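Subject: Structure for you to look at, with notes

Dear colleague,

Here is the structure I promised to pass on, with the sequence alongside. Please open it first, and then read the notes that follow with the model in view.

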Amino acid sequence: IVTLRPFDELLSYDAAMGEEGEGGRVGLCNGIIVASKNAPFIHEWYTRYRSFDQTQWNYHSVLLPMEMAKNNPSWVHRLDYMKFYWPLWDEAGMKLMMDSFDYDYSNNLAVHVWNHGLKR
């Protein structure tokens, strides 16, 4: 994670997370979590890790938080995907992030530097 600007605008929420993919099409990513102590969203999410299956890590890390956010929208503030998780981890996103200087990061608070999309 590379932080580009302070997260002050998020401190008024019990919990805040960024959507992964346009409109959250991938989910609500756990790469950056801003939360107050005893936030209901975080407490409930933590209790659901009792059923964690490491072969499906993405369910608990990205899909479940989005399900929970949709069921309890007041528990977590969902940030637009461009705040933390853009460019994305797909081939086009990795090219944009690593091979050019064409992307304007002015909408980002931070950038998740994906490592699983890198070709080595």
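**Sheet, helices and core**

Helix 2 lies across strand 2, strand 3 and strand 4, and runs at about 75° to strand 3. Please bear in mind throughout that this is a predicted model.

For the overall layout, the protein chain has three helices and five strands, and along the sequence these follow the pattern β-β-β-α-α-β-α-β. Of the 120 residues in the protein chain, 38% are buried, and the chain exposes about 7400 Å², of which carbon and sulfur atoms supply 51%. Among the contacts with a separation of 6 or more, 64% are between residues 24 or more positions apart.

An open sheet of three strands has the order 3-2-4, with mixed pairing. Strand 3 (27-35) and strand 4 (77-79) stand at the edges, and because each has a single partner strand, one side of each is left without a neighbour in the sheet. From one strand to the next the twist averages 30°. Strands of a sheet pair through backbone hydrogen bonds, which may be parallel or antiparallel in arrangement, and both arrangements occur here: strand 2 and strand 3 run antiparallel and are joined by five bridges, whereas strand 2 and strand 4 run parallel and are joined by three bridges.

Ala 16 stands opposite Val 34 in strand 3, and its bridge partner in strand 4 is His 77. Met 17 stands opposite Ile 33 in strand 3. In the hairpin of strand 2 and strand 3, which has six residues between the strands, Gly 21 takes a positive phi near 90°.

How many of the six residues of strand 2 are buried? Six of the six are, so strand 2 is largely enclosed by the rest of the structure. Met 17, which lies in strand 2, is buried with a relative accessible area of 0%. Leaving aside residues up to four places away in sequence, Met 17 touches a list of residues that includes Leu 28, Ile 33, Phe 41, Trp 45, Pro 65, Val 76 and His 77. In the case of Pro 65, which is 48 residues from Met 17 along the chain, the C-alpha atoms of the two residues are separated by 9.0 Å.

Helix 1 also belongs to this part of the model. The buried residues of helix 1 are Phe 41, Trp 45 and Thr 47. Seen down the axis of helix 1, these buried residues fall within an arc of 160°, so they line one face of the helix. On the other side of helix 1, His 43 and Tyr 46 are exposed, while the cover over the buried residues includes strand 2, strand 3 and helix 2.

In the loop between strand 3 and helix 1 you will find Asn 38, which at 68% relative accessibility counts as exposed, because the cut-off for that term is over 50%. The phi of Asn 38 is near 70°, a positive value in a residue other than glycine. Most residues other than glycine have a negative phi.

Finally, there is the nonpolar core, in which several of the residues named above come together. The largest nonpolar core has eleven residues, namely Ala 15, Met 17, Leu 28, Ala 39, Phe 41, Trp 45, Leu 64, Met 66, Met 68, Ala 69 and Val 76. Strand 2 (15-20), helix 1 (40-48) and helix 2 (57-71) each supply at least two residues of this core, and helix 2 gives the most to it, with four residues. Apart from this core lies another, of ten residues, among them Leu 10, Cys 29, Leu 109 and Ala 110.

With best wishes

Methods
Residues are numbered from 1 along each chain as its sequence is written. This is a predicted model: local features need pLDDT of at least 70, side-chain atom pairs count only at pLDDT 80 or more; totals for chains, interfaces and linings use all residues. Side-chain values use heavy atoms; hydrogens and water are left out. A nonpolar core is a set of buried Ala, Val, Leu, Ile, Met, Phe, Trp, Tyr and Cys residues joined through side-chain atoms within 4.5 Å. Buried means under 20% relative accessible area, exposed over 50%, partly exposed in between (1.4 Å probe, protein chains only). Two strands pair if DSSP finds at least two bridges between them. Axes are lines fitted to C-alpha atoms, for helices over the stretch in contact, and angles run from 0 to 180 degrees between N-to-C directions. Contact means heavy atoms within 4.5 Å. Accessible areas come from the Shrake-Rupley method with a 1.4 Å probe; for residues, only the protein chains shown count as cover. The arc is that of the directions from the helix axis to the C-beta atoms.
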